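Work through the exercises below with the sequence and the model at hand. Each task is followed by a solution in steps.

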Amino acid sequence: MKNPPGKLTLILLILLIFSCLTFAQTNKIETAEKSAQTDKLVKPIEDYAKTIADFVEKVGKQHLVIADASDYNEAKKPVWKKFASEDEFEKARETTEAYTIAYVWQRSGKTVAVNFTYSSPSGDWAHFVLCVYRADGTLAKVDSRLNTFYGDATILRTFYFDAKGKKLKETVKYQDLQSDEIFDPKTRDFYDQDVKIYKTVSTLPFANLLKSRVKKK
């Protein structure tokens, strides 16, 4: 006896729903497994970054201050200048302001942390980008914080990279500038800015100025 058309349609619909649910469950499992694998790769990077953070905290002041001394509005390319100390840099700012500054920490003669500060004459935004490098000069982690009065927003981003420069993970969080309350970026207009990423110490725009003045331990 043949199945009536209505019953056959119902059976096909049930099979389709079952297939979709199975696919969704499989996809969910695969996503969870992939996330777990990524977290496993990220964990040693987090551990290493923590040792650098402890080192920076222990050392305190940066070893080098390097800034773009070019005119913000007129210059066609940056003019990087290294300062012997933060005091020297602050004195120079009295006559010529710098809007791109890099604070550099070195360990055993190797650059391990570079904290960029980007800003503009308007003072309406500031972008802080901390880059952590391995001893071999490869980028391990980047933490960025963009504060902007255009939309009263704070955008927090974190990137993790393997030793070959492959991005392993990226996270982003949007917060209200005043309250730190998380918001959906679709719900408001705000100023955003790309994060400048230098995957090796040798590709930093002022790499030629990085010769260490720190004695090896």
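The exercises go from the whole chain to the sheet and then to single residues.

The model is predicted: local features need pLDDT of at least 70, side-chain atom pairs count only at pLDDT 80 or more, and totals for chains, interfaces and linings use all residues. Residues are numbered from 1 along each chain as its sequence is written, and side-chain values use heavy atoms, without hydrogens and water.

**Exercise 1. State how many helices and strands the chain has, and give their pattern.**

Step 1. Helices (H or I, at least four residues) and strands (E, at least two) are taken as DSSP runs, numbered from the N terminus. The chain has 2 helices and 8 strands.

Step 2. Along the sequence they follow α-β-β-α-β-β-β-β-β-β.

Step 3. For the overall burial, 35% of the 217 residues count as buried, where buried is under 20% relative accessible area, exposed is over 50%, and partly exposed lies in between (1.4 Å probe, protein chains only).

**Exercise 2. Give the strand order of the sheet and find its edges.**

Step 1. Two strands pair if DSSP finds at least two bridges between them. The 8 strands form an open sheet in the order β2-β1-β3-β4-β5-β6-β7-β8, with antiparallel pairing.

Step 2. β2 (80-83) and β8 (167-176) each have a single partner strand, so one side of each lacks a neighbour in the sheet; these are the edges.

Step 3. Strand β7 (residues 153-161) is joined to β8 by 9 bridges, and the two run antiparallel. Leucine 156 is opposite lysine 173 in β8.

**Exercise 3. Is threonine 100 buried or exposed, and which residues does it contact?**

Step 1. Threonine 100 belongs to strand β3 (residues 100-107).

Step 2. Threonine 100 counts as buried because its relative accessibility is 18%.

Step 3. Contact means heavy atoms within 4.5 Å. With neighbours within four places in sequence left aside, threonine 100 contacts Ile66, Ala67, Asp68, Trp80, Thr117 and Tyr118.

**Exercise 4. What share of the contacts with a separation of 6 or more is between residues 24 or more positions apart?**

Step 1. Take the contacts in the chain with a separation of 6 or more.

Step 2. Residues 24 or more positions apart account for 48% of them.
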